[in-house]
Amino acid sequence: MKRDIQILTGQVLAADCRKTIAQATPRELYNAVSKAALDLAADAWKRAPGKRVAYLSAEFLVGRLVYANLLNMGRLGEVQQMLLDAGVDANVFEEIEDAALGNGGLGRLAACFLDSAATQGVPLDGYGIRYQYGLFRQYFEDGFQKETADDWQRFGDPWSVRREEDAVTVQFGGQAVRAVPYDTPVIGYGMKTVNTLRLWQAEPFQAFDFNLFNAQKYAAAVRERDAAEDISRVLYPNDDTDAGKRLRLKQQYFFSSASLQDMVRAYRAAHGGDFTHFADAYAVQLNDTHPTVAIPELLRLLVEEAGMRFADAVQVAHDTFAYTNHTIMPEALEKWDQKLFRGVLPRVYPYVKKLDALLRRTLEQRGVPMGEVSRYAILEDGMVHMARMAIFATHSTNGVARLHTEILKDTALHEWYELYPERFNNKTNGVTQRRWLALANPELAALLHDAVGDGWLTDLSQLKRLEPCADDPAFLARFMDVKREKKRQLAAYVEKHEGVRLHADFLLDVQVKRLHEYKRQLLNAFSILDTYYGLKEGRISRADFAPTVYLFGAKAAPGYVRAKGIIKYINELAELVNGDADVNGLMQVVFVQNYNVSYAEKIIPAADVSEQISTAGTEASGTSNMKFMLNGAVTLGTLDGANIEIAEQAGAENEYIFGARADEIARLQEDGYDPNAVLAAEPRAKRVVESLVDGTFSDGGTGMFRELYASLTEGASWHKPDHYFLMRDFIEYCDARLAVNRDYRDARAFAAKCVRNVANAGVFSSDRTILEYARDIWHV
Ligand code: TH1
């Protein structure tokens with residue numbers, strides 16, 4: 001019997017705050033609806049027998065849970081009606097903070113995987129850290145990024161359940177802390193499967209020292225508590241870079257050890273003390289190297305607590321673990337100083353040494369020359385090399401898009417591929433269509449419902465049946481109506497949050513992702529400035545130009561000075577363009593603050609053009625590219641990461657591809673590349689680059705713009721000039737952009753391209769990805 005969520009919500013509200021639905025504040029309503037829903041999911045939230053997958057990840061960027069969970073439970077319409085009946089705005093929960101326990105693509109991928117596994121019936125649990133503060137909140141002051149703490153639990157955390165009885169102890173050198181799990185149900189679409197996201201919180205054994213407190217030594221009295229809580233205090237805000245910090249290593253060990261202890265305990269309860277078949281009970285996926293310390297930790301547990309021989313433990317680890325690589329950027333490859341590692345984890349370090357010794361013996365047996373050993377060694381040049389440990393001690397290493405995996409095999413990890421070719425495999429990323437289409441774009445979902453039914457909700461390949469609609473004028477008209485409506489909604493949201501009136505009738509060209517030099521937001525900005533000059537000076541015909549909004553959203557890591565300089569530059573550009581009445585009917589530049597999952601849900605469905613312009617060979621996959629495609633935007637991009645597969649699926653004629661390919665970039669890196677030659681030969685390039693230093697814009701006297709200029713024209717001690725080849729691609733990019741603009745003027749033909757993107761987005765469902773992992777790697 002279907003229980004009534006309205007009655008349950010009313011009961012919770014009456015008990016908790018003696019109010020009705022109409023009287024309750026947004027947070028009271030949020031807590032009540034969430035509690036009621038959790039109650040309705042309780043029966044389905046049971047552990048199925050059989051092998052389970054543990055997805056270990058330092059990040060789970062789940063975003064706002066309430067709408068997505070209600071959608072998957074089949075209760076969203078009911079709740080919306082309930083709110084409507086009570087005179088409450090259905091968007092009332094938009095005040096609720098996102099759970100931003102991740103930086104970007106890697107953390108959001110983990111969240112999509114949770115949704116897909118639960119929907120497809122894959123028994124997978126997420127394990128991570130319950131950060132007290134998630135990714136910082138961003139705002140702009142004078143065009144500069146400022147950060148504040150993200151206190152995401154301010155409105156409560158009604159979706160999690162504290163499991164005191166499952167707490168474990170994690171031991172560092174001289175410090176022992178309690179790891180207390182908070183479980184959140186992961187509700188699959190249709191609620192047939194409910195898996196678990198288990199996030200560990202670090203706590204002291206004793207809230208404070210009573211004797212010190214009585215002696216009025218207050219700071220000392222809470223020192224142990226602070227030191228314990230510090231471990232799960234805050235998410236490191238670096239995307240794609242290795243922080244190398246002691247506390248970060250403690251975080252990694254904290255959740256890796258707690259998660260393994262959890263599995264070991266459950267295994268013992270079910271199977272007794274013989275751990276030789278541990279890999280038949282658990283598959284453990286390492287999301288990048290962040291949880292790789294789990295490998296020596298499992299060895300330690302098996303040897304010291306299960307009495308296993310080291311060699312047998314290594315076999316168990318090999319069969320249990322698999323590793324996903326997400327980047328080849330050298331600055332992201334994790335290495336720990338050996339002394340630091342040994343100091344923080346003295347109980348684990350001996351097992352790292354034993355693994356390193358085993359690796360060296362293995363290399364010798366395989367005839368690897370002595371001179372080559374240093375390229376593989378786990379312990380080398382005073383560091384612990386985590387990726388090497390992850391490849392050596394697991395049975396699978398996968399990349400996240402076809403090109404990325406090929407680069408791993410051919411160059412980045414070539415020596416490992418020669419040693420263990422059978423371990424390497426590709427798993428192209430995906431995104432969940434429940435959140436990124438059904439929830440974010442109900443208008444398009446309704447149109448799809450009429451055209452092809454609803455099967456795509458759990459089988460995205462069914463969108464293929466939409467293909468003929470690209471030739472149907474009536475369908476295209478409805479598609480364009482949807483885009484217009486999503487732009488109107490976005491404009492209302494942007495006006496509320498940024499105080500800017502966005503032109504909802506313009507072409508919407510979007511680049512939203514973390515700010516990084518390799519993602520080349522600066523190239524985008526240069527091209528906008530070139531367009532501005534072109535329009536003002538008549539090189540570009542105003543009459544032929546489709547008015548365009550250029551929208552940015554991006555957070556820079558707080559310590560990444562160049563990235564912050566690029567933000568300031570784009571904000572200066574926005575001021576120039578938006579302040580010039582002469583072009584106001586043609587261009588608008590908007591940089592939204594605090595881009596996050598909830599903002600993405602507003603922006604992506606409204607976009608016409610998806611900017612995916614990383615230097616070829618640098619973006620492992622990208623996942624926003626897939627979300628844009630699914631919502632019917634065309635890709636303006638380089639042949640990088642999953643863009644290649646996107647263009648292949650949709651047909652290159654439905655995207656706008658430009659720029660050097662990965663092989664050309666590699667050649668330029670080898671043979672030499674001179675951006676100054678481009679600047680000398682191409683006045684348009686010269687002019688926009690000079691805007692960094694010629695007084696066109698002001699960096700407020702910080703020197704940021706001059707430093708950016710130098711990075712492009714002179715290089716720095718650690719890199720050559722224009723490390724990311726902006727000048728190589730500049731003119732081609734401007735040309736491709738103008739081609740988009742030209743094509744957009746034929747609204748129907750453009751809409752047909754958009755619809756062909758939707759129709760061919762099927763393979764980019766994370767359902768497909770998760771089923772491939774399950775079949776090829778986890779064997780569940
Ligand atoms: C990202 C990759 O940059 C992106 O291309 C990919 O689509 C995504 O992972 C999911 O596979 C990465 N994020 C991080 C974050 C950290 C370290 C390395 C990477 S790679 C902290």
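**Entry 1: Asp288**

I looked up Asp288 and placed it in the loop between strand S11 (282-287) and H11. Helices (H or I, at least four residues) and strands (E, at least two) are DSSP runs, numbered from the N terminus. The model is a predicted one, in which local features need pLDDT of at least 70, side-chain atom pairs count only at pLDDT 80 or more, and totals for chains, interfaces and linings use all residues. Residue numbers start from 1 along each chain as its sequence is written.

I noted that the phi of Asp288 is positive, about 65°, although Asp288 is not a glycine. Most residues other than glycine have a negative phi. Asp288 counts as buried because it has 24 C-beta neighbours inside 10 Å. I took buried as 20 or more other C-beta atoms within 10 Å of the residue's own, exposed as 12 or fewer, and partly exposed as in between, with C-beta atoms placed from the backbone.

**Entry 2: Met191**

I then turned to Met191, in the loop between S9 and strand S10 (194-203). Its phi is near 60°, a positive value in a residue other than glycine. Met191 has 20 C-beta neighbours inside 10 Å and therefore counts as buried.

**Entry 3: His326 and the ligand**

Which residues come nearest to the ligand? I found Gly105, Leu106, His326, Thr327 and Ser621 in that position, of the 20 residues around the ligand. A residue is near a molecule or strand here if its C-beta atom, placed from the backbone, lies within 6 Å of it. The shell around the ligand consists of five nonpolar, 11 polar and four charged residues. In this classification Ala, Val, Leu, Ile, Met, Phe, Trp, Tyr, Cys and Pro are nonpolar, Asp, Glu, Lys and Arg are charged, and the others, Gly among them, are polar.

His326 counts as buried because 21 C-beta neighbours lie inside 10 Å. Apart from neighbours within four places in sequence, His326 is in contact with Leu106, Asp288, Val400 and Ala620. Contact means that the C-beta atoms of two residues, placed from the backbone, lie within 7 Å.

**Entry 4: Asp337**

Is Asp337 buried or partly exposed? I recorded it as partly exposed, because 14 other C-beta atoms lie within 10 Å. Asp337 belongs to strand S13. It touches Gly382 and Met383, when residues up to four places away in sequence are not counted. The C-alpha atoms of Asp337 and Val634 are separated by 45 Å, and the two residues are 297 apart along the chain.

**Entry 5: Helix H3**

I examined helix H3 (residues 66-73) and found it mostly covered, with eight of its eight residues buried. Among them are Val66, Tyr67, Leu70 and Met73. The buried residues of H3 pack against H2, helix H4 (76-85), strand S9 (176-187) and helix H18 (433-439). Just after H3, Gly74 takes a positive phi of about 75°.

**Entry 6: Helix pairs**

Two packed helices are described by the angle between their axes and the distance between the axes. I used axes fitted as lines to C-alpha atoms, for helices over the stretch in contact, with angles from 0 to 180 degrees between N-to-C directions.

The axes of helix H1 (residues 5-17) and helix H2 (residues 26-41) come within 8 Å and cross at roughly 125°. H1 is therefore oblique to H2. Angles under 35 degrees count as roughly parallel, over 145 as roughly antiparallel, 65 to 115 as roughly perpendicular and the rest as oblique. H1 and H2 cross in a right-handed manner. A crossing is right-handed if the near helix is turned clockwise from the far one by less than a right angle, and left-handed if anticlockwise. The residues of this contact divide into 10 nonpolar, one polar and four charged.

For helix H9 (residues 246-271) and helix H11 (residues 294-306), I noted axes that come within 9 Å and cross at roughly 40°. H9 and H11 are therefore oblique to each other. Ser256, Ser257, Leu260 and Val264 of H9 make the contact with Ala294, Glu297, Leu298 and Leu301 of H11. By class these are five nonpolar, two polar and one charged.
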